[in-house]
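Dear colleague,

I am passing on the structure we spoke about, with the sequence alongside.

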Amino acid sequence: MRAFGLTITIVAVLVSLAGMAHAAEVRVLSVGAVQNAVKSLAADFAKESGHQVIFTTGSPAIVMQKIKDGETHDAVIVSEPAMDQLDKDGIVNPESRVRLAVTGLGVAVREGAPVPNLSTPDAFKEALLDAKSIVYGDPTLPNQSGEKAEKILAKAGLLDALKPKLKIVPGQAVSQEMIAKGEVEMGLYNLSEIPEGKGLQLAGAVPPQLQINTAYEGALMSDGSVPEAARAFIRFMAEPDARGRWVAAKLEPLADH
């Protein structure tokens with residue numbers, strides 16, 4: 001019996017070592033808007049597969065610059081328009097593209113401050129007109145929240161009326177700190193990028209009639225070294241069981257998964 005038990009132990013160790021030998025490090029380049037969800041999902045994926053996911057995150061502009069500079073990664077997660085461009089340039093594997101989740105724009109205010117009513121387009125307009133100051137990112141940078149914010153203000157017919165109180169601050173962390181300190185009353189950001197509990201609170205989403213959503217995709221990069229593990233992670237993020245992670249991060253999983 002003792003010999004039998006020892007044999008079982010040795011077999012278990014060998015199986016474990018074999019699994020470790022096939023474990024991979026999946027290098028993922030991702031925009032920051034989805035990082036809370038995908039990092040949680042990466043931890044789940046590691047437990048199930050043994051593969052480790054190594055993230056490099058940044059703004060859309062930084063992510064695209066890293067690709068332009070020739071950085072090598074196994075997978076990339078960006079907005080659909082950005083992915084279309086990467087597809088066109090031959091940087092991603094077209095058949096590997098998977099639609100993951102979508103997020104809209106929300107309004108952030110200082111933690112503990114009165115929360116404005118944003119429930120209807122008219123209420124949203126009134127709240128912004130009443131605000132002493134409003135901040136958002138650089139609207140000239142494509143696929144970023146500042147671009148969406150300015151389009152929403154124009155769609156609402158508010159852009160000209162609000163110009164005297166608008167502050168354009170490219171650094172999101174800097175602008176959110178301004179709100180937390182009370183230097184700016186209100187900010188417009190992707191819902192998934194409003195870090196509640198750090199001096200900010202989410203006042204609410206832009207009403208659906210004025211909302212502009214951004215959808216995000218994952219895909220294999222053409223020069224990646226572990227395509228099968230990277231493909232498995234992309235598919236893992238799109239499984240029905242991943243829904244809770246996306247929702248918790250203020251993103252809505254897309255209907256096709």
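This is a predicted model: local features need pLDDT of at least 70, side-chain atom pairs count only at pLDDT 80 or more; totals for chains, interfaces and linings use all residues.

Five strands form an open sheet in the order β7-β6-β8-β5-β9, and the pairing within it is mixed. Because β7 (166-168) and β9 (200-205) stand at the edges with a single partner strand each, one side of each has no neighbour in the sheet. From one strand to the next the twist averages 30°. Within this sheet, β6 (residues 134-136) runs parallel to β7 over three bridges, with Tyr 136 opposite Ile 168 of β7. Helix α8 (residues 172-180) packs on the sheet, where it touches β5, β6, β7, β8 and β9, and its direction makes about 145° with that of β8.

Elsewhere in the chain, β1 (residues 25-31) and β2 (residues 52-58) pair in the parallel sense over seven bridges, and the chain passes between them through helix α2 (residues 35-49) in a right-handed β-α-β crossover.

The largest pocket holds about 620 Å³ of space, and among its 33 lining residues Gly 32, Gln 35, Gln 172, Gln 176 and Glu 193 lie nearest the centre. Helix α8 contributes the most to this lining, with four residues, and the lining as a whole comprises 12 nonpolar, 16 polar and five charged residues.

The second largest pocket, of about 230 Å³, is lined by 15 residues, of which Val 109, Pro 114, Pro 116, Glu 185 and Met 186 are the closest to its centre. Nine of its lining residues are nonpolar, two polar and four charged, and the largest share, four residues, comes from α5.

With best regards

Key
Residues are numbered from 1 along each chain as its sequence is written. Side-chain values use heavy atoms; hydrogens and water are left out. Two strands pair if DSSP finds at least two bridges between them. Helices (H or I, at least four residues) and strands (E, at least two) are DSSP runs, numbered from the N terminus. Axes are lines fitted to C-alpha atoms, for helices over the stretch in contact, and angles run from 0 to 180 degrees between N-to-C directions. Contact means heavy atoms within 4.5 Å. A crossover is right-handed if, with the strands pointing away from the viewer, the path from the first strand over the helix to the second runs clockwise. On a 1 Å grid over the protein atoms alone, a cavity is a set of points where a 1.4 Å probe fits but cannot get out, and a pocket is an open set with protein on both sides within 12 Å along at least five of seven lines; lining residues have an atom within 4 Å of a point. Grid points are joined across faces, edges and corners, and a volume is the space filled by probe spheres set on the points. Ala, Val, Leu, Ile, Met, Phe, Trp, Tyr, Cys and Pro count as nonpolar, Asp, Glu, Lys and Arg as charged, and the others, Gly among them, as polar.
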